Every structure is written in C-alpha cells, then in structure tokens.
Amino acid sequence: MSLQKPIPLRQRLVVPRDLAKEYPIDLVTYLTDQLVPPPEVFLAKKNTEDAGFYVMPITGDKFNIKGRPPTAFESPEQVRKQEKPIKANQAPFRHIKDITMPKMEKYFMKYPAAKGFFLAEGDLCLKKGYTFDDWYREYGQVKEITWFGYKKILKQKGKLHYIVGNFMIYIPREKMGFLMERFSKQKADIFSDRFFTNLVIEGEVKLNPTSIAGEIEHVSAVAGGKVRKAKDCHLNTQLPLYETLKQGIRKVEIATIGGAGTHSEEAQKLIEKRRAEAAGKMSFLPANFRRSALGKPK
C-alpha cells in the first residue's frame, strides 16, 4: 500500500474570509474631468476584489498638472491647491506621499488588527487566477517592504539601475514610520518607481523574484494621453473601448435618423438595442460614465 505525500502546510492552510482587511490594497489614481477615476480603475478594483483582496475606497487626486486645464471643477474645494504645477509623471509620487500614506496611517489607527497594506497602481492587473489566498499562504508573514508587481528590471554594467512599474508593493505596518520618514526627506517630486528603486538598491525594499501583477492596457495620463500597451494582461479584452462605444452608438443614431431630424420608431428601437448592448459591456463602470458614453435615451 503506497502512502500519499503530505500536502505542504501553506497549501492546507484555510484563509479566513475577512483576513484580507488586515492587508488592504490602495489604488493610486486620479480624477478625470468627470470627477471620477478612469475606467480601467473600476475594472482593476472589481478583478482584485474578485480575487479575494480588500480594496480601500478609491481616493483619486486632481493635482495641478502642467498643460492640463482644471476646467472640470465646479467648486474650490475640489481643487488640490499647489504652489506650482507638477509634471504628470510625478503625480503618482505626490499621490503616495500626500494621500496614500496619511490615508493608511488613519486606517491602521482605526483597524489595529491590520498587518500592512498594498500600494498599487490604479490599472493593476493581477496574474490570471492569482488570489489573496495564494499570496497569504506564501507571503502572509513577510516583514519587509516587498515589491511584488513590476514590469521589468533594468541593469547597467550588471548592476540594478531601474525597476519599471510599481504595480504592487506590500508595506508592513512596522515599516510605515520608516517609509513616511523617507517620503518627508524626498523634497523634489520624482518618479515613484525611481523612489522605490533607490530603496531596493539601498537594501530597504525587497524585490520579489517573480512579478505577480502587471497593468491593464489603458490611455495613460502619465504618458501624455498615449495608449500604454500591456500584452500580458488578461483583462485587456474586458475593458470596453470607451470612445469606440460612444462613436458606435452615434453612428447608429446618424444612420437611422428619419425625416426632419427625428428617429423613426424602428430606428429608435435599434438605437436602444445598441445602447443596451454597450451598457452591458460597461457594467463595471459607475453610472455617470455610462450616461456620458451612452447618452440619454431620446
């Protein structure tokens, strides 16, 4: 009679459902002109929560970015005042320093059981099938700041030079004081992945050998409105092409307009059918995004 090999402890470990709140994720993002985060953030949030992680309420920033007019705001309190504009690619660093760190400090005070938190980009794309249980079983006892999600590692003359993409970094509660001190010492706004790369070089942040997360393909404000390609993200096909959907519905409306600029009954039914199909594809987006893309029924 052959004996079965024992199952490793980490695979047998049953992870309590509410444990994820002890390891929350904060998504770093901004507010669009509609005063909501860009659409990929909602897809990232849904996918991350479906994987069992606890995602903090989203706090989008609206920094004074060079070349970006603040025309979307209706009241002064909606504008984050700054002495001078900053570059779009410096905004994530400012967000982490001014918004995320104080936000998580308050969370730790309110929730003493919290062990740490994940700092993540708003376009976070966990590897397909990867769950909180997977992370906890293998890394739940990590005591060092650990970089879990990144795009690539750049070297110069055989030495680490730059880690591209701080998609997902775990910060233990015990390291909050150290990290806040380092942020306070960094007076100039720099790229956030440069900031954390420096800490890796200094030995203060551990780089996980393999990345467990990437980014959703999206239109990047940091890259000046260009599409940031992400071929390895399984969520790319789930993110509706926002403008394409909008334009598609408008084309249907134009093609079916009857005499005197009115829609025939048949045309109106077709428009509503196309609008409903698009709404289904955009179900993960907040209502005001859907209304903007789909327009109001006539």
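First, a caution. This is a predicted model. Keep that in mind for every value I quote.

Now the overview. The chain has 298 residues, and 45% of them count as buried. It holds nine helices and eleven strands. What about contacts along the chain? Take the contacts with a sequence separation of 6 or more: 69% of them join residues 24 or more positions apart.

On to the helices. Find H3, residues 91-110, and H5, residues 176-185. How do H3 and H5 pack? Their angle is about 150°, and their axes are 11 Å apart. Over 145 degrees counts as roughly antiparallel, so H3 is roughly antiparallel to H5. The crossing of H3 and H5 is left-handed.

Which residues meet there? From H3 come Phe93, Ile96, Lys97, Met101, Met104, Glu105 and Phe108. From H5 come Met176, Leu179, Met180 and Phe183. Sort the residues of this contact by class: nine are nonpolar, two are charged, and none is polar.

Next pair: H5 with H6. Helix H6 covers residues 192-202. The angle between H5 and H6 is about 120°, with the axes 12 Å apart. Is that perpendicular or oblique? Roughly perpendicular runs from 65 to 115 degrees, and roughly antiparallel needs over 145. The pair therefore falls in the remaining class, and H5 is oblique to H6. The crossing of H5 and H6 is right-handed.

Again, the residues. H5 brings Phe178, Leu179, Arg182 and Phe183. H6 brings Phe195, Phe196, Leu199 and Glu202. By class, the contact of H5 with H6 has six nonpolar residues, two charged and no polar ones. Notice Leu179 and Phe183.

Is Ser192 buried or exposed? Its relative accessibility is 7%, so Ser192 counts as buried. What does its side chain do? It makes a polar contact with the side chain of Asn166, at 2.9 Å. Leaving out residues up to four places away in sequence, Ser192 touches Pro92, Phe93, Ile96 and Asn166.

The side chain of Thr197 reaches the backbone oxygen of Asp193 at 2.6 Å. A polar atom of that side chain also lies 3.1 Å from the backbone nitrogen of Ile163. With residues up to four places away set aside, Thr197 touches Trp147, His161, Tyr162 and Ile163.

Now the strands. Leu119 lies in strand E2, residues 116-121. It has a relative accessible area of 1%, so Leu119 is buried. Not counting residues up to four places away in sequence, Leu119 touches Asp26, Val28, Ile96, Thr100, Asn166, Phe167, Met168, Ile169, Ile171 and Phe196. Pick out Asn166, the side-chain partner of Ser192. How far is Leu119 from Pro24? The two are 95 residues apart in sequence, and 8.8 Å apart in space, C-alpha to C-alpha.

Leu124 lies in strand E3, residues 124-126. At 0% relative accessibility, Leu124 counts as buried. Again setting aside residues up to four places away, its contacts include Leu27, Ala44, Thr48, Phe167 and Met168. Ala213, Gly214 and Ile216 are also among them. Leu124 and Val41 are 83 residues apart in sequence, yet 7.7 Å apart in space between C-alpha atoms.

Last stop: a loop. Lys157 sits between strand E5, 152-156, and strand E6, 159-164. Is Lys157 buried or exposed? At 88% relative accessibility, Lys157 counts as exposed. Now look at its backbone. Lys157 has a positive phi of about 55°, although it is not a glycine. Why point that out? Because most residues other than glycine have a negative phi.

That is my tour. Questions, please.

Notes: Residues are numbered from 1 along each chain as its sequence is written. This is a predicted model: local features need pLDDT of at least 70, side-chain atom pairs count only at pLDDT 80 or more; totals for chains, interfaces and linings use all residues. Side-chain values use heavy atoms; hydrogens and water are left out. Axes are lines fitted to C-alpha atoms, for helices over the stretch in contact, and angles run from 0 to 180 degrees between N-to-C directions. Helices (H or I, at least four residues) and strands (E, at least two) are DSSP runs, numbered from the N terminus. Angles under 35 degrees count as roughly parallel, over 145 as roughly antiparallel, 65 to 115 as roughly perpendicular and the rest as oblique. A crossing is left-handed if the near helix is turned anticlockwise from the far one by less than a right angle, and right-handed if clockwise. Contact means heavy atoms within 4.5 Å. Ala, Val, Leu, Ile, Met, Phe, Trp, Tyr, Cys and Pro count as nonpolar, Asp, Glu, Lys and Arg as charged, and the others, Gly among them, as polar. Buried means under 20% relative accessible area, exposed over 50%, partly exposed in between (1.4 Å probe, protein chains only). A polar contact is a pair of N or O atoms within 3.5 Å; within protein, one must be able to donate a hydrogen and the other to accept it, and residues adjacent in sequence count only if both atoms are side-chain atoms.
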